[in-house]
Amino acid sequence: MTDLNRMNELEAQASALREQKRWCEARKCYEEMITLGLGPMDEAKILANIMQMYEKEGNIEKAMEAGTRAFDIVQTYRLYETNEGAHLRGFIRGRLGRLRGEPFPWHLPIAFFAAYFIGAIKQ
């Protein structure tokens, strides 16, 4: 079986296990995916999934480790310069903040909507 076929198989298994709320088993699928020699974007995405599974399992320390690794990959490879990478970075950053117990930065959405309504941001 090729790595791509194995990757697709593991991804399907992980999705099914997540729907069944079998977090540990889904995480193990993601952990196997990491061993398949992924590019930086895929590796960061898989680590973000591992972070979520550890969080669901209640292992906050391991969740933060996986999230930090994912964030470091996004930063190192400047993945944030694409829309997909920017969304991934925002997701990881927000999730890590939540895991650390940081308050939500309410000033950011308020500033965005204020700028939108005064016309500073064009559609």
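Tutor: What follows is a set of questions about the terms, each answered from a value and a definition.

Tutor: This is a predicted model, in which local features need pLDDT of at least 70, side-chain atom pairs count only at pLDDT 80 or more, and totals for chains, interfaces and linings use all residues. Residues are numbered from 1 along each chain as its sequence is written, and side-chain values use heavy atoms, with hydrogens and water left out.

Student: How many helices and strands are there in the protein chain?

Tutor: The protein chain has six helices and zero strands, where helices (H or I, at least four residues) and strands (E, at least two) are DSSP runs numbered from the N terminus.

Student: Why is H4 called roughly antiparallel to H5?

Tutor: The axes of helix H4 (residues 60-76) and helix H5 (residues 83-100) cross at roughly 150° and come within 10 Å. Axes here are lines fitted to C-alpha atoms, for helices over the stretch in contact, and angles run from 0 to 180 degrees between N-to-C directions. Angles under 35 degrees count as roughly parallel, over 145 as roughly antiparallel, 65 to 115 as roughly perpendicular and the rest as oblique, and therefore H4 is roughly antiparallel to H5.

Student: Which residues of H4 and H5 meet?

Tutor: With contact taken as heavy atoms within 4.5 Å, the residues of H4 that meet H5 include Ala63, Phe71 and Val74, and those on the H5 side include Leu88, Ile92 and Leu96.

Student: What makes glutamate 55 buried?

Tutor: Buried means under 20% relative accessible area, exposed over 50%, and partly exposed in between (1.4 Å probe, protein chains only). Glutamate 55 has a relative accessible area of 16%, so it is buried. Its place is in helix H3 (residues 40-57), and, not counting residues up to four places away in sequence, glutamate 55 touches Ile60, Ala63, Arg95, Arg98 and Leu99.

Student: Why is arginine 78 partly exposed?

Tutor: Arginine 78, which is found in the loop between H4 and H5, has a relative accessible area of 47% and is therefore partly exposed.

Student: What do the buried residues of H5 pack against?

Tutor: The buried residues of H5, among them Gly85, Arg95 and Gly97, pack against H3 and H4.
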